[in-house]
Amino acid sequence: MSDDKTQSWYDIADQHEPAWMPLIGDDGMGIFGCWCGAPYDGDDNGMAWYADHIAALGASDYINEYWANWAGIVEAPTGQLSRDAVARELADYSVVMDQASQVYDDLTGGRISKPNTAARHVISEARDSFDEFAAHDLIEALYADMETDADRKALVDYAESLHPGVLGAYQARVEHRAVRAAELAKEANPS
Ligand SMILES: [Zn+2]
């Protein structure tokens, strides 16, 4: 890591600002260089060039991201920020965050809902959650019908490998149902 990377954006911004000028051979305005004197000689508006320029100086990731991807959307080709364009982008972004949050929450069984969670964590939790559902369903659907101890053990071993503790949870449900059935029978036929 170079010494440049220790500079804050504010240090960099003191000396490096995009210089906006009418572009030669073009109807519009655009970045033609940096106030530090670094010249731009490409043929678009220069925002991507400016992103590369300040990235090399050690500007923060979010600033690099802005110049590489967002400046061309929320700034006019004169460098003026458009409140309307910012509002539209933020509204879209809010929708994405809200929708992602709902998907994460549902797929992970409520364990993750923050939309900026790293994808690998969401995927890992979602897979654990699917395995848990599958394990409970297997035991619930098949345990009582297993005809031999060997079959029953094979089923339990597999289900427990998907999600430890499912046999215990199943046995607790069976016991709860038996107690409840006895209660109902007693209510129907008070002695
Ligand atoms: Zn510069």
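Trainee: Are α2 and α3 roughly parallel or antiparallel to each other?

Mentor: This is a predicted model. Its α2 and α3 pack at an angle of about 175°, with their axes 8 Å apart. Angles over 145 degrees count as roughly antiparallel. The two helices are therefore roughly antiparallel.

Trainee: How many charged residues does the contact of α2 with α3 have?

Mentor: From α2 come M47, A48, Y50, A51, I54 and A55. From α3 come I63, N64, W67, A68, A71 and G72. By class, 10 are nonpolar and two are polar. The number of charged residues is none.

Trainee: Which element gives the most to the largest nonpolar core?

Mentor: That core has 11 residues, among them I31, W49, I54 and W67. β2 (29-34), α2 (47-57) and α3 (61-74) each supply at least two of its residues. With five residues, the top contributor is α2.

Trainee: Which residues is A71 in contact with, leaving aside its neighbours within four places in sequence?

Mentor: A71 belongs to the largest nonpolar core. It also sits in the contact between α2 and α3. With those sequence neighbours set aside, its partners are M47 and Y66.

Trainee: What radius of gyration does the protein have, against that of a compact globule of 191 residues?

Mentor: The C-alpha atoms fill a box of roughly 95 × 40 × 30 Å along the principal axes. Buried residues make up 13% of the 191. A compact globule of that length would have a radius near 16 Å, but the protein has 31 Å.

Trainee: In what order do the elements run from the N terminus on?

Mentor: There are seven helices and two strands. The order is α-β-β-α-α-α-α-α-α.

Technical notes. Residues are numbered from 1 along each chain as its sequence is written. This is a predicted model: local features need pLDDT of at least 70, side-chain atom pairs count only at pLDDT 80 or more; totals for chains, interfaces and linings use all residues. A nonpolar core is a set of buried Ala, Val, Leu, Ile, Met, Phe, Trp, Tyr and Cys residues joined through C-beta atoms within 7 Å. A residue is buried if 20 or more other C-beta atoms lie within 10 Å of its own, exposed if 12 or fewer, and partly exposed in between; C-beta atoms are placed from the backbone. Helices (H or I, at least four residues) and strands (E, at least two) are DSSP runs, numbered from the N terminus. Two residues are in contact if their C-beta atoms, placed from the backbone, lie within 7 Å. Axes are lines fitted to C-alpha atoms, for helices over the stretch in contact, and angles run from 0 to 180 degrees between N-to-C directions. Angles under 35 degrees count as roughly parallel, over 145 as roughly antiparallel, 65 to 115 as roughly perpendicular and the rest as oblique. Ala, Val, Leu, Ile, Met, Phe, Trp, Tyr, Cys and Pro count as nonpolar, Asp, Glu, Lys and Arg as charged, and the others, Gly among them, as polar. The radius of gyration is taken over C-alpha atoms; the globule rule is 2.2 Å times the number of residues to the power 0.38.
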